[in-house]
Amino acid sequence: MDVFRCYSVSTVNVLVACEDKEVSERVNDALKDYFSMAEIETCQNKDTITLRFKNHACLMKFPETARELTSSHNLRVLKDGNSAYLISGDSVFQIDLMKGIGTGFLDKGFWERPQKVQQEFFMLTLLWLLHGHKLYGLHANGLAGHGVGILLVGDTGSGKTTI
């Protein structure tokens, strides 16, 4: 039986569905640790994205026609038509960009990886899905004070923090 939790990110609801309680607790704890999302009672907003976590990887294969968009030591991102695929070790997340639904499998080793790797995996999944609702992520540093704010956007190592 699936375990459901709902969150709010700006005007979009995020429905998290996990096939068992243990996976649900780990996923939801990670989301709360890594992101600023308010937990809400229900996801009855028309602007809802769904993250489904399965217990088995058998359906999480990606087509051979998928092209690689980016790759690092910890994560590969592939795209084929209206689907994107995030792969970290044996963990795979398939994102249906048209429906706003991501379905994934987290292997047992996923939780042993560094928190930065886990965070990157979840962050990219959310960013792909939020993009369909015109919400975007920026790599930035900001300052705020006396009702004024400055946001510096730039690549890693570009000097945002130093400035």
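Mentor: Helices (H or I, at least four residues) and strands (E, at least two) are DSSP runs, numbered from the N terminus, and two strands pair if DSSP finds at least two bridges between them. This is a predicted model, in which local features need pLDDT of at least 70 and side-chain atom pairs count only at pLDDT 80 or more, while totals for chains, interfaces and linings use all residues. Residues are numbered from 1 along each chain as its sequence is written, and side-chain values use heavy atoms, with hydrogens and water left out.

Trainee: In what sense do β1 and β2 pair, and over how many bridges?
Mentor: Strand β1 (residues 3–9) and strand β2 (residues 12–18) are antiparallel and joined over seven bridges, with F4 facing A17 of β2 as its bridge partner. The two form a hairpin with two residues between them, and S10 in the turn has a positive phi of about 55°. β1 also pairs with strand β3 (residues 38–40), again antiparallel, over three bridges, and there C6 has I40 as its partner.

Trainee: Which residues of α2 are buried?
Mentor: Buried means under 20% relative accessible area, exposed over 50%, and partly exposed in between, with a 1.4 Å probe and protein chains only. In α2 the buried residues are V117, Q118, F121, F122, T125, L126, L129 and L130. By contrast, R67, which lies in strand β5 (residues 67–71), counts as exposed because its relative accessibility is 53%.

Trainee: Which element supplies the largest share of the lining of the largest pocket?
Mentor: On a 1 Å grid over the protein atoms alone, a pocket is an open set of points where a 1.4 Å probe fits, with protein on both sides within 12 Å along at least five of seven lines, and lining residues have an atom within 4 Å of a point. Here the largest share, six residues, comes from α2. The lining has 18 residues, of which F35, M123, L127, G137 and L138 lie nearest the centre of the pocket.
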